[in-house]
Amino acid sequence: KVAEVFVIMKRYIALLRGINISGKNKIPMAELKKAFEKLAFEEVKTYLNSGNVIFSSNEDDTNRFTSQIEEVIKNQFELDIPVFVISREDLEDILHNAPEWWGTGNKEIYDNLIFIMPFSDVYDEIGEPKKELEKVSDYKEVIFWSFSRKDYQKTNWWSKTANTNIGSKLTIRTANTVRKLVDM
């Protein structure tokens, strides 16, 4: 008799920071998908043109995945791009623990999820949010951040999250994008 072997594949999401924005750090999604497949990841899918890659692996080492992905991007695309890798299971947990004010679908509010790479106290670098214009709440290695669409330029966090000193330590996705990534 031949013993049956079941390999449990786990879903992961890789978030690449700052690619394909205003013509900078260009990486074609079809080529990025192939690069992930060469790393022996399975069921690879990309979402949007902004560096969201969903893949499966029977291994469970997000730190190693991050290093491998950053290395292949550097070698194949000649870009030094920070990468954040999270399991679908952990991202579902994060969404389950979102504050009640986040991701409500209110069209006047812009809801973002900030992924910290590696997690550090960004509050010290960015400062307090402007209470009347934006809300923040942290959970694990993310920060839920919402702000008024019409007043975004008046918020404290808007310009500071793009600042080069902190920008390389985080990547941001909208509530809708994060939910879609979990469902893929």
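Q: How much space lies in the largest pocket?
A: About 710 Å³. That volume is the space filled by probe spheres set on grid points, with points joined across faces, edges and corners. A pocket here is an open set of points on a 1 Å grid over the protein atoms alone where a 1.4 Å probe fits, with protein on both sides within 12 Å along at least five of seven lines; lining residues have an atom within 4 Å of a point.

Q: What kind of model is this, and which cut-offs apply?
A: This is a predicted model: local features need pLDDT of at least 70 and side-chain atom pairs count only at pLDDT 80 or more, while totals for chains, interfaces and linings use all residues. Residues are numbered from 1 along each chain as its sequence is written, and side-chain values use heavy atoms, with hydrogens and water left out.

Q: Back to the pocket. Which residues lie nearest its centre?
A: Arg 17, Gly 18, Ile 21, Ile 172 and Arg 173, out of a lining of 23 residues.

Q: Which element gives the most to that lining?
A: β8, with 5 residues. At least two residues each come from β5 (109-116), α5 (157-162) and β8 (170-174). Helices (H or I, at least four residues) and strands (E, at least two) are DSSP runs, numbered from the N terminus.

Q: Which way do the β4 residues point?
A: Val 83, Val 85 and Ser 87 go one way, Phe 84 and Ile 86 the other, and all are buried. In a regular strand, side chains alternate between the two faces of the sheet.

Q: What about β3, how many of its residues are buried?
A: 6 of its 6. Asn 52, Ile 54 and Ser 56 sit on one side, with Val 53, Phe 55 and Ser 57 on the other.

Q: In which sense do β1 and β4 pair?
A: Antiparallel, over 5 bridges, with β1 spanning residues 10-16. Two strands pair if DSSP finds at least two bridges between them. Leu 16 stands opposite Val 83 in β4.

Q: And how many bridges join β1 to β3?
A: 6, and those strands run antiparallel. Lys 10 is opposite Ser 57 there. β2 and β3 also run antiparallel, joined by 4 bridges, and Lys 45 has Ile 54 as its bridge partner.

Q: Which residue takes a positive phi in the β2 and β3 hairpin?
A: Leu 48, near 60 degrees, and the hairpin has 4 residues between the strands. Ala 40, which follows α1, also has a positive phi, near 75 degrees.

Q: OK, α1 then. Which of its residues are buried?
A: Met 29, Leu 32, Ala 35 and Phe 36, in a helix covering residues 29-38. They cover an arc of only 115 degrees around the axis, which puts them on the same side of α1. The arc is that of the directions from the helix axis to the C-beta atoms.

Q: What do those buried residues pack against?
A: β1, β2 (42-47), β3 (52-57) and α2 (62-77). Contact means heavy atoms within 4.5 Å. Turned away from the buried side are the exposed Ala 30, Lys 34 and Lys 38.

Q: Which residues are buried in α7?
A: Ala 175, Thr 177, Val 178, Leu 181 and Val 182. What covers them includes β1, β5 and β8.

Q: Leu 15: buried or exposed?
A: Leu 15 is buried, with a relative accessible area of 0%. Among the residues Leu 15 touches are Phe 84, Phe 115 and Leu 181.

Q: And Lys 131, buried or exposed?
A: Lys 131 is exposed, at 67% relative accessible area. Lys 131 lies in the loop between α4 (122-126) and β6 (134-139).

Terms used. Buried means under 20% relative accessible area, exposed over 50%, partly exposed in between (1.4 Å probe, protein chains only). Lists of a residue's contacts leave out its neighbours within four places in sequence.
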